[in-house]
Amino acid sequence: MEAFLNQLPIGLSIGAVLLLIALGLTITFGQMGVINMAHGEFIMAGAYTAYLMQDWAGRQAVIVALPAAFLVAGLMGLILERAAIRRFYGRPLDTLLLTWGVSLVLQQLARDLFGAPNVQVAAPEWLQGGIGALPYNRLFIMALAIGSVAAVWAYLNRTAQGRRMQAVTQNRDLAATSGVDTGRVDMHTFFIGSGLAGVAGVALTLIGPVGPALGTYYIVDAFLVVVAGGLGRLGGAVIAAVVLGLLNSFAEFWTDASLAKVIVFAVIVVFLQFRPQGLFVIRSRALS
Amino acid sequence: MSITTKDATAGTARRAPDGRGLRERLGGPAVFCAVAVLALVAAPLLLEPFRLNLLAKYLVYAIVALGIGLAWGQGGMLTLGQGVFFGLGGYSMGMHLKLTEAQGGLPDFMVWSGVEELPALWVPFADPVFALATAVLAPVALAALLGTLIFRQRVRGAYFAILTQALAAAFAILLVGRQGLTGGTNGLTNFFELFGHDLASDSTQRGLYLVVAVVLGLLYLGARHLVNSRFGRLLVAVRDGEDRVRFLGYDPATVKTVTFAISAGMAGLAGALFVPVVGIISPALLGVVPSLELVVAVAVGGRYALAGAVLGAVVMGYAQTAFSERFADGWLYLQGALFILVMTLAPRGIAGLLSRRRA
């Protein structure tokens, strides 16, 4: 029973990591229909930002790196959006292949810049230790995830720019005819979505080493969270991330790590039988 | 109801170029015969065994690409999980080869990982007919099941792509984790003979090459026939306007499921051929990345023409060998840059460029 209860915090912290990653995806995928495979590499960029910050911030690098990583990853996303993705609206599947090419280049770039072996980012002293089965660093990640969700929620619902973003998500053409500059909104969206990937990357440095392939371990699961949660729905992403995190850790507990992924996949396919468009759906009369 | 009306109705929405003009040029009878002669006569005579073996590998990948061309190019289903079907075929064949070598005993890797009794899953694979049939039928069955579940609920587009990708990831992890059953990360390797033929000999490899080339040729003809049939028209119509096809009284889910299952069967057969040609099957050959690489090869070749898919697989396979022989790291930059360029500048791939120039 105790081993069973120990899975709970593990599952929650996996959920928090997934949520941090999926938060950015649900914004870019949900609003713009862009399947950004390079999202994983923006995570990696955020993690390396924390690594570089160590030079002058020492062990507090993780904290200093949070805003810096947001900016770095956000700018990378902005450049990607302006340079390429902009031309791909209405061809969502092509963005997947395009951004995968970008992700290959970024991974190799990281290998050339930082070397192929993994590097470590030292966590601040005050994050060592923990309460019972819950280490402080995992708690910190959960807090970060909750904070990020709150910030995104506030942005979407309390600022004019955020409301414009929601308008574009719900009906791009109608938003455009109502005077919303959808191009600008897209830029903001991509900046914020990618920036959140950078924040997730910093969080990941707390629980493992940093390497050029860091993003690839999480990206598939994060996309599943978005699919299960419903496109562009914040609440859906939160619930889906927590449930998938728990499901992952309990499936691993009952079977083993290799079967867990298969179980999660099967559960999602079965779930889609009941809710083909995910937990929460934006209702519309549009045909497809 | 005539086919032309359906086609026209569905086409008014967003008619994607179907490469039909190109298929007549690139895939016309004369070109097909020329390529066939080149592949069946010239290549075995002119190429040294090492190069011929590499070509056989590219042609095996071309079989998978042909399936992707059907599912994605014609049917609009972006499948990122072909590696799973390829792997099912490959492991079926690999298990058979391992068992013939063990001659009633245990395969070598099982001995190393401390397995004492042959797992029940392995037992029927001693029979070559069972192994070959499973290589094709297991992928078909899995794809049919998955297709039924997914397409019936009208889950499509990006969702389908993500689901198939997740399947590929889960499958690779499962194979790695089941060390005693699958050989883990190393996969199955060290094969010595196939149906009584020594795999190391040049004549066996030449024979294998010919088998692969003939299978590819036949599948290509079959796929072309399918695309030009009533069913093929319906498939393209589903791609261009699924809802309209449904309103006309057809069932798009069935059309998509059947096509997906066919493409899975092709990938499975390719996997079974891959094992004797290359001599290994392992999780690294069928996870997320290899599955995506083949889709990109199809995009580079030209997704709307079946010949483009085949061409793309061969060209990308050759490019990878040629470039990684010279500068290993540069290949990833080149590959990435190539995708970006193709997707932005030539979304219809090489085939699209060729047909535009001639038009």
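A residue is called buried when its relative accessible area is under 20%, exposed when it is over 50%, and partly exposed in between (1.4 Å probe, protein chains only). By this criterion, buried residues make up 53% of the 288 residues in chain A, and 52% of the 359 residues of chain B. The model is a predicted one, in which local features need pLDDT of at least 70 and side-chain atom pairs count only at pLDDT 80 or more, while totals for chains, interfaces and linings use all residues. Residues are numbered from 1 along each chain as its sequence is written, chains are lettered from A and ligands numbered from 1 in the order in which they are written, and side-chain values use heavy atoms, with hydrogens and water left out.

Chain A may be considered first. Its secondary structure comprises eleven helices and two strands, where helices (H or I, at least four residues) and strands (E, at least two) are DSSP runs, numbered from the N terminus. The C-alpha trace of chain A spans about 55 × 45 × 35 Å along its principal axes. Chain A exposes about 11,900 Å², of which carbon and sulfur atoms supply 65%; such areas come from the Shrake-Rupley method with a 1.4 Å probe, and for residues only the protein chains shown count as cover.

The UniProt record, an unreviewed entry, places the feature "transmembrane region" in chain A at residues 12-34, 61-80, 92-110, 136-156, 190-210, 222-247 and 259-282. UniProt positions are given in the numbering used here, feature names are shortened, and annotations may be inferred rather than shown by experiment. In the model, residues 12-34 of chain A are 91% helix and 0% strand, with end C-alpha atoms 28 Å apart. Residues 92-110 of chain A are 100% helix and 0% strand, and their end C-alpha atoms lie 27 Å apart.

Chain B contains 16 helices and four strands. Its C-alpha atoms fill a box of roughly 65 × 50 × 35 Å, taken along the principal axes. The radius of gyration of chain B, 21 Å, agrees with the value near 21 Å for a compact globule of 359 residues. Contacts, meaning heavy atoms within 4.5 Å, can also be sorted by sequence separation. Among those in chain B between residues at least 6 apart in sequence, 81% join residues at least 24 apart; the corresponding share in chain A is 77%.

Which residues touch the most other members of the largest nonpolar core? They are A:L96, A:L97 and B:F86, in a core of 191 residues. A nonpolar core is a set of buried Ala, Val, Leu, Ile, Met, Phe, Trp, Tyr and Cys residues joined through side-chain atoms within 4.5 Å. Helix α4 (residues 49-74) of chain B gives the most to this core, with 17 residues. Leaving aside neighbours within four places in sequence, A:L97 is in contact with residues of chain B, including B:W72, B:L292 and B:F339. Helix α4 of chain B also holds B:L66, which counts as buried because its relative accessibility is 0%.

Several polar residues complete the picture. A:K261, in helix α11 (residues 257-274) of chain A, counts as partly exposed because its relative accessibility is 22%. The side chains of A:K261 and A:D221 are joined by a polar contact of 2.7 Å. Such a contact is a pair of N or O atoms within 3.5 Å; within protein, one must be able to donate a hydrogen and the other to accept it, and residues adjacent in sequence count only if both atoms are side-chain atoms. A:K261 also touches B:A170 and B:I173, among others.

In chain B, B:T321 lies in helix α14 (residues 306-326) and counts as buried at 17% relative accessibility. Its side chain forms a polar contact of 2.5 Å with that of B:Y58, and reaches the backbone oxygen of B:G317 at 3.0 Å.

Conventions:
Rg over C-alpha atoms; globule rule 2.2 N^0.38 Å.
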